[in-house]
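Here's a quick tour of the spaces and surface of one model, written for someone who likes to know the cut-offs. Have the viewer open as you read.

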Amino acid sequence: MSLYLCLWGLINYLKGVVVMMPLGEMAVMGKTMMVLTLTGRVLHDAVSFIVFSFLDILDLVLCFAFKAADFIIEAEWKPCYCASAKEAITSGGKILVSEQGESKIVCLTSTKLRLEEISDTLYTRTSLVSEISKSTVNELKRIKVEGKSSTVTVQTSEKIKKGTLRSTLTVNSTIVEMLQGKIGGQHLHPISRWSDCDCKFCTSWTSSSKETLFVRAEGPKDKGKGDVLFIHGFISSSAFWTETLFPNFSHAAKSTYRLFAIDLLGFGRSPKPADSLYTLREHLDMIEQSVLEPYEVKSFHIVAHSLGCILALALAVKHPGSVMSLTLLAPPYYKVPKGVLATQHVMRQVAPRRVWPLITFGASIACWYEHISRAICLVICKNHRLWEFLTKLVTRNRIKTFLIEGFCCHTHNAAWHTLHNIICGTGSKLEGYLDSVRDHLKCDVNIFHGKKDEVIPVECSYNVQHKVPRARVKVIDDEDHITIVVNRQKAFARELEEIWKRSSG
């Protein structure tokens, strides 16, 4: 890794030197730079291949380790998405099926649960060695996702005028196991598992009679000129807004708008049911039940960050006449090429299985490795109080620990399913949402993005603007995925007030 970084630094240095050279020497140096660039890429690819091949093996080992630990501690196996498939014909309820990358459901009871929201990336994550082997044999032949998952095949027939069209459906046993308990009224583990944190902060929702999201509300008791809903991003919490923007809003704004910052389902102080699949529908339903309905919100502005932008767009499309403005920070909208499975494409954009930059390496582990990511959650999330204490000790209380609180206070089940079902699973839906915002919503759309964002490229914001031409895009120099708010909370608070004032007028 250090050799790769040295090569990259040398390349950047040579770029500055080349400008000052004669044409002949510039040609030689240009070739040298090309060789160094190619060498760096090959070295990076080789290191990535070795590292992720090892992680493939490690994840398999941890699979057996966690199964043994679950059985010893909880007296039952913990279903996982690398488990072998089994017959999914039961008298319990619905069964998740997918047809050519699109999910379908089989209804066995009158209760409806729209399982088309389950992302196939949960159970179709091929190993790096297998993927490279297939691409080497035939680069034009795409990996058959259904063949690499732990699935069973169910044949269905569909009548058409000139005959019968047959299609292949795949059923994942892990989802079936989880749903059997859910539909049958038997909650597998409504409270935290042994590998999750059981502190009062993380389990405060279990003492409440209502399973609603944690909501931090500020502003006038009576309805003002409008309400504002703040939706945080992945592995974050409402503190991302309440510790930065809320103290910096003007007195006029606080007396005019009701401000609602939520902890999403599975994060912060909100419920973290272990039997939930954390689908898009579940997240939206919880937002409606926790904010829109109890506070009688009729018209509102939305401010969303990262993953929250997906929920914001879905909510806006669901309530087209109520949304007054949309403010999206680093929206993860990746254009999907024709003929490519949207969920798989988005997963490879978010987590390309590369060791550099480090943020990409972390995203790749979180997205591709179910059991490694669970082990990381066991170390970090279960012991978040220790990490908060060490941070305060090292920094001598010079910085607030709300970012660590948001990063650590979730369960692996919540993070794993939210990552796949929201970010990856909506890959084919976002285009439709943006079309609806463009054609059916009249609300103001504003987009902010940090120029140094290594999590979500700036290109994603311009992709949104391409779909919604009236959207305003502002790229902030020298800011990244987090500091787009944290480093400029006062300025951003003023910008939001201007947006709300303009949209309300």
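## The enclosed spaces

On a 1 Å grid over the protein atoms alone, a cavity is a set of points where a 1.4 Å probe fits but cannot get out, while a pocket is an open set with protein on both sides within 12 Å along at least five of seven lines; lining residues have an atom within 4 Å of a point. Points are joined across faces, edges and corners, and volume means the space filled by probe spheres set on them. The model is predicted, so to speak of local features takes pLDDT of at least 70 and side-chain atom pairs count only at pLDDT 80 or more, though totals for chains, interfaces and linings use all residues. Numbering runs from 1 along each chain as its sequence is written, and side-chain values use heavy atoms, with hydrogens and water left out.

Searching the whole structure turns up 6 cavities of 30 Å³ or more. The largest cavity comes in at about 200 Å³. Its lining has 20 residues, with Lys78, Pro79, Glu370, Arg374 and His412 nearest the centre. By class that's 7 nonpolar, 6 polar and 7 charged (nonpolar: Ala, Val, Leu, Ile, Met, Phe, Trp, Tyr, Cys and Pro; charged: Asp, Glu, Lys and Arg; polar: the others, Gly among them). Helices H2 (23-74), H5 (173-183), H12 and H15 each supply at least two lining residues of this cavity; helices (H or I, at least four residues) and strands (E, at least two) are DSSP runs, numbered from the N terminus.

## The open pocket

The largest pocket has a volume of about 1,300 Å³. It is lined by 47 residues, and Phe234, Ile235, Ile359, Phe407 and Val455 sit nearest its centre. Helices supplying at least two residues each include H10 (342-350), H11 (358-368) and H12 (370-380).

## A buried loop residue

Ala330 is in the loop between strand E9 (323-329) and H10. Is Ala330 buried or exposed? Ala330 is buried, as its relative accessible area is 1% (buried is under 20%, exposed over 50%, partly exposed in between, with a 1.4 Å probe and protein chains only). Ala330 and Asp453 are 123 residues apart in sequence, yet 8.3 Å apart in space, C-alpha to C-alpha.

## Trp387

Trp387 belongs to helix H13. Trp387 counts as partly exposed because its relative accessible area is 34%.
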